[in-house]
Amino acid sequence: MRKLTTLAAVAVALAATASASADGTSTIGVYGCFVNGGHVTRPAGTQLVAVTGWAAKTRGLVEDFLQAQTTTLVVNGATPIDASGMYDEATTRDQGDWVSFVRVPTGVTLAPGESATLAFTLTVSHRLTDGEVFANGERGRPQFLGTGAITYSCTVTGV
């Protein structure tokens, strides 16, 4: 199986800043955490919700991803949670592209100083593209994602 290529360029890098909501949960953009050092803090006493997503130029490219992907979340090395069917419907963003997110409640509520490790594994059945081209030099051509699996993880500590 070929290694997934250029995931950093095509996955949605969600902000890794603390965000506690009124419902007592804190979201963690696991990919965003991973690419920014692999560790974040969240308010103690809130339940952790792991989030990742996929953005592409068109709705069809996002739907192709949704059909091709298998996504699992492992919390603290426990049995994987199959999140493949938990992605929301593709929606358009202000940038004109499309995105779909998966939000997975972990069942974990941290005490101050306690940590949890969250690991998303993404596997795709065929080569995908995001179809996005940016004129500002960030990316000069669409990125491709090869078949195979990649895991990105984040350690979350309660504060």
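**Close-up views of the predicted model**

View 1. Glu 63 is partly exposed, having a relative accessible area of 36% (buried means under 20%, exposed over 50%, partly exposed in between, with a 1.4 Å probe and protein chains only). In this predicted model, local features need pLDDT of at least 70 and side-chain atom pairs count only at pLDDT 80 or more, whereas totals for chains, interfaces and linings use all residues. Residues are numbered from 1 along each chain as its sequence is written, and side-chain values use heavy atoms, with hydrogens and water left out. Glu 63 forms a salt bridge with Arg 59, and the closest N and O atoms of this pair are 2.7 Å apart (a side-chain nitrogen of Lys or Arg within 4 Å of a carboxyl oxygen of Asp or Glu). Both Glu 63 and Arg 59 belong to helix 3, where they are four residues apart, about one turn of the helix. Helices (H or I, at least four residues) and strands (E, at least two) are DSSP runs, numbered from the N terminus.

**View 2. Arg 59 and Glu 89.** Arg 59 also meets the side chain of Glu 89 in a salt bridge, at 2.8 Å from N to O. This pair links distant parts of the chain, for Glu 89 lies in the loop between strand 5 and strand 6 (91-92) and Arg 59 in helix 3, 30 residues apart. Glu 89 is exposed, with a relative accessible area of 58%, while Arg 59 is partly exposed at 28%.

**View 3. Arg 93 and Asp 97.** The structure holds four salt bridges, and one of them is formed by Arg 93 with Asp 97. The closest N and O atoms of Arg 93 and Asp 97 are 2.8 Å apart. Arg 93 is partly exposed, with a relative accessible area of 27%, whereas Asp 97 counts as buried at 5% relative accessibility.

**View 4. Gly 53 in strand 3.** Gly 53 is found in strand 3, which spans residues 47-56. At 6% relative accessibility, Gly 53 counts as buried. Along the chain Gly 53 and Asp 88 are 35 residues apart, and their C-alpha atoms are separated by 9.3 Å.

View 5. Five strands form an open sheet with mixed pairing, in the order 2-11-8-4-5. Strand 2 (39-42) and strand 5 are the edge strands, each of which pairs on one side only (two strands pair if DSSP finds at least two bridges between them). Within the sheet, strand 8 (residues 115-124) and strand 11 (residues 148-158) pair in the antiparallel sense over ten bridges. Leu 122 stands opposite Ile 150, a residue of strand 11.

**View 6. Confidence along the chain.** The mean pLDDT of the chain is 83, and 80% of its residues reach 70 or more (pLDDT is the predictor's confidence in each residue, from 0 to 100). Among the elements of the chain, the highest mean pLDDT, 97, belongs to strand 5 (residues 81-82), and the lowest, 40, to helix 1 (residues 7-10). Over residues 1-10 the pLDDT stays under 50, and the model has 36 contacts beyond four places in sequence for this stretch (contact means heavy atoms within 4.5 Å). Over residues 13-18 the pLDDT likewise stays under 50, and here the model has 15 contacts beyond four places in sequence.
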